[in-house]
Amino acid sequence: MQSPLPVRDGVNATRLRLPDEGPWETALDYMMHRWGHIDPQGIEDRFDAGEIVGEAGIVLDRSTPMQDHTFIWYYRSLPPETRIPVELNILHQDDHLLVVDKPHFLPTTPGGTYIQESALVRLRNQLGLPDLIPMHRLDRMTAGILLLSTNPETRGKYQVLFEKRQVQKEYECVSAAEPAPGHPAVDFPVVVRNRMTKSRSYLLAEVIDGEPNAETRIERLHTFDAHGGPDGGPHRRALYRLEPHSGKTHQLRVHMASLGLGIVNDAFYPELLDKAPDDYTKPLQLLARGIRFVDPISGSPVEYRSRLELSEAR
């Protein structure tokens, strides 16, 4: 459903569905029930300023009956954010697409404690493109190629490519050269297939029984000596190429961990570590290296490749 309010400061207005019934007589009453314990004066000020609207942009006031609208839109009060000390690099921009190198630690879209400090909001504000929308997502801890649509009129043509899995993605990661104790040896290249699920209420993705819905081809590119093993001495690591044929949350991290090859600096898999402040010197060693597809506008094959490098790769 299209928002009747424009993007402001790079951020979309928030949509709220009003309940069909309840003890609240007005939309104001319901918003006070939901958010009044946080900022009651701010809510009243928004109504008085005409900043809360319903369908077709109809302005609500303090007395608007709740049943007059199913959805309302408003701008949230955004708390101050500490800038994440990383930068986005633009690789390509035309009338339809923007291609960037997203750094580690920067989320793709606003959410939780990261609103202004997201790739989408930064780019909307930097480039003056309020209609910018990402075509896919990268985890906050994953770096590399990110495609965004700059043109609402052609956006659907690119969305179809992703929906029909006509986009080929290539990742790189650094892990141990051999599986952890208790895991069998792996004959590369290998294809991992299983069924994955991720609930909103649980931090980790899980592998469950059932028809596979996640598939990744994994190839070991080369091995090298690294330092910082259990005894502080050298140990063997490897650079891997990952080619996902599905796009489940945390798929690559789960599939590598399932082989006993957890990705270097992964705080989730194979073991969930205690929450700690971001350590910018130890980014997750996972990079979206490239993406390729047949451009639906030009009809020509295109490929975009990241210029970033994994800090632990050799």
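Predicted model: local features only at pLDDT ≥ 70, side-chain atom pairs only at ≥ 80, totals over all residues.
Let's start inside. The largest nonpolar core has 33 residues, and those touching the most other members are Leu 148, Ile 218, Tyr 240, Leu 242, Met 256 and Leu 286. Several elements give two or more residues to this core, including strands β6 (143–149) and β11 (234–244) and helix α5 (251–258). Another core, of 14 residues, lies apart from it; Met 135, Tyr 158, Val 167 and Val 302 are among its members. If you click on Leu 148 and ignore neighbours within four places in sequence, you'll find contacts that include Leu 97, Val 100, Leu 123, Ile 133 and Met 135.

Now for helix α1, residues 27–35. Which of its residues are buried? They are Ala 27, Leu 28, Tyr 30 and Met 31. Looking down the axis of α1, these fall within an arc of 160°, so they line one face of the helix. The cover over them includes β1 (14–17), α2 (40–48) and β2 (71–74).

On to two loop residues. Arg 140 sits in the loop between β5 (133–134) and β6. Is Arg 140 buried or exposed? Its relative accessibility is 17%, so Arg 140 counts as buried. Its side chain makes a polar contact with the side chain of Asp 278, at 2.9 Å. Beyond four places in sequence, Arg 140 also touches Lys 102, Phe 105 and Tyr 114, among others.

Lys 248, in the loop between β11 and α5, is partly exposed, with a relative accessible area of 36%. Leaving out neighbours within four places, Lys 248 contacts Met 196, Asn 213 and Ala 214.

Finally, the charges. The count of salt bridges comes to 21. Take Arg 193 and Glu 215, whose closest N and O atoms are 3.1 Å apart. Arg 193 is in strand β8 and Glu 215 in strand β10, so this pair ties together parts 22 residues apart in sequence. Arg 193 is exposed at 53% relative accessibility, whereas Glu 215 is partly exposed at 24%.

Compare that with Asp 266 and Arg 253, which meet in a salt bridge at 2.8 Å, N to O. Asp 266 is in the loop between α5 and β12, and Arg 253 is in helix α5, 13 residues apart. Both of these residues are buried. There is also a network, in which salt bridges with shared partners join Glu 170, Arg 217, Glu 219, Arg 241, Glu 243, Glu 303 and Arg 305.

Thanks, everyone!

Definitions and conventions: Residues numbered from 1 in each chain as written. Heavy atoms only, no water. Core = buried A, V, L, I, M, F, W, Y, C linked by side-chain atoms within 4.5 Å. Buried < 20%, exposed > 50% of the residue type's maximum accessible area, 1.4 Å probe, protein only. Helix = DSSP H or I, 4+ residues; strand = E, 2+ residues; numbered from the N terminus. Contact = heavy atoms within 4.5 Å. Arc of directions from axis to C-beta. Polar contact = N/O pair within 3.5 Å; in protein donor to acceptor, adjacent residues only side chain to side chain. Salt bridge = Lys/Arg side-chain N within 4 Å of Asp/Glu carboxyl O.
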